[in-house]
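Student: I would like to learn how to read a sheet and an interface. Where do we begin?

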Number of protein chains: 2
Amino acid sequence: MTRPTNTDESATLTIGVVQHTCGADRKLNLARAIAGIEDAADRGAELVLLQELHNHAYFCHTENPDNFDLAESVPGPTTKALGDVARRTDTCIVGSVFERRTAGLYHNTAVVLERNGSVAGIYRKMHIPDDPGYQEKFYFTPGDQGFRPIETSVGRLGVLVCWDQWYPEAARLMTLAGAEMLLFPSAIGWDPVDDTAERQRQRDSWVTIQRGHAIANGLPVACSNRVGDEQTANHRSASIFWGTSFVCGPQGEMMWQAGADRSQVGVVAIDRHRSEHVRRIWPFLRDRRIDSYGDISKRFTD
Amino acid sequence: MTRPTNTDESATLTIGVVQHTCGADRKLNLARAIAGIEDAADRGAELVLLQELHNHAYFCHTENPDNFDLAESVPGPTTKALGDVARRTDTCIVGSVFERRTAGLYHNTAVVLERNGSVAGIYRKMHIPDDPGYQEKFYFTPGDQGFRPIETSVGRLGVLVCWDQWYPEAARLMTLAGAEMLLFPSAIGWDPVDDTAERQRQRDSWVTIQRGHAIANGLPVACSNRVGDEQTANHRSASIFWGTSFVCGPQGEMMWQAGADRSQVGVVAIDRHRSEHVRRIWPFLRDRRIDSYGDISKRFTD
């Protein structure tokens, strides 16, 4: 199947979002991701978003130097495998790799595969979390390439990763650099000790702030989050990943949302002309006070 | 009645939010605002937030030089009236004035009255909209004082005004400058020509992006928005103000929300220690990439 390349003239882009559980078997994890891509492509997806570190059970709940054995080069085996699927399904794919850049230098890297299987670009996660259950600062060097959209045949993709989703700066910088949509591979879940009300607040917050980025910047946002209980014996240091992958439009309007308890593939047609319309009625970019934003680059100005 | 001054040791701050209709009678409009303050104070409010330009029917739907007659100095008659109420009710008040700074120089200015009736500080609206029904660029010079919280006996108030609420930069800069909460006097409504679905999207967007500011910055947000149909004969150029004033906590959790169709006063007790807790579990401020945010001060970097 060959689809026309999207241009400004084609109004619709169909996005697939794959959310799945992960276990100890790396090959099986990747097979699940690929099955999700194939499902989405069969249903018309031209662009497919995978979750963060989809090849692995989430390993950052402990600091274990042996886990660096999981890392690979980019390009490498995963970009090769995803590139093959991209070519076969005629889709553009946003994947996620634990990248070994050199000895002692690792990144949490989103990779974008073009429809012909080539690597269209990469994004190295800029904001790195570190809190109980998510000890990522041990594993991932913060990205050093900034916030640049990746040019593809389906548009200019503002690819960010998980913790970045809490930072309005990241969304804004991608927008200013010309991103047409924001895409967030994620791996976030509940601490088993939290009660139902706190869990609900956290998940709502996470959806809300990403919808906020859509609104502030007048563009669609898609997010893929892993799902499943990956608790280990160490009760305090593992997560119940909350899924809830979603796609929203440029007014933050929800177009599709997955559940919190199972693997799922969503396929959503977005109207590529809607950002143009929304930014005309709400021209936020016009009125930014760029003369007065300098202190954004400071830590605290109290 | 004398209440203790809030300090870091007192856990609760009770906020009142006043939402009301406005008509042609300026004195009656101010009387409604004052009645709302008194109601809130009777119910325990220590801080009361009024809506944008509460003394006036919204006059920016047309460009009429005669409307500059509505402006007044700061300090002036309105800060005097609100100061008297502040002293009498022992509340801190956030009001809104069409300020005449000098001939040909007018601002949309939030004024903060201390419990003793003095002016604690002012904030001049930084982001000025201009779209059908909201021709504010004709009336209001953009603020030149930046984003500085106002010190009061009830805390450091991050006062912003209406259109500012769409800008994550404004919320962030107030936070970095030490604001403990964000307060938005507003005047936003529906264009009568929009259908129900579009109205719903717009109002949801408006609530969502402000909840997003609470989440991104780990602090409470309160918003007072005018309510009522202020359509004139010129159908295209007036609004049905959608009310929906609200208070949310530092995870964006809704604590109170007004309806879209009537005057209303909300009183909400917020836990001043909750920001400390929330910022410990989600330490977004720790991980900001201030080395990489410089382009926020640019218009577009495509």
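Tutor: With the terms: strands (E, at least two residues) and helices (H or I, at least four) are DSSP runs, numbered from the N terminus, and two strands pair if DSSP finds at least two bridges between them. This is a predicted model, in which local features need pLDDT of at least 70, side-chain atom pairs count only at pLDDT 80 or more, and totals for chains, interfaces and linings use all residues. Residues are numbered from 1 along each chain, chains are lettered from A in the order written, and side-chain values use heavy atoms, without hydrogens and water.

Student: Which residue stands opposite Phe98(B) in β4(B)?

Tutor: Asn108(B) does. Strands β3 (92–102) and β4 (105–113) of chain B pair in the antiparallel sense over nine bridges.

Student: In what order do the six strands of the open sheet in chain B run?

Tutor: The order is β5-β4-β3-β2-β1-β15, with mixed pairing. In chain B, β5 (119–124) and β15 (264–271) each have a single partner strand, so one side of each lacks a neighbour in the sheet.

Student: How is the size of an interface given?

Tutor: Often as the accessible area lost when the parts come together. Here buried area is what two parts lose (1.4 Å probe), summed over both. Chains B and A bury about 5500 Å² between them, 55% of it on carbon and sulfur atoms. In chain B, Arg289(B), Ile296(B) and Arg299(B) lose the most area to chain A, together 12% of what that side buries.

Student: How many salt bridges are counted between chain B and chain A?

Tutor: Ten, where a side-chain nitrogen of Lys or Arg must lie within 4 Å of a carboxyl oxygen of Asp or Glu. One joins Asp302(A) and Arg156(B) at 2.4 Å, N to O.
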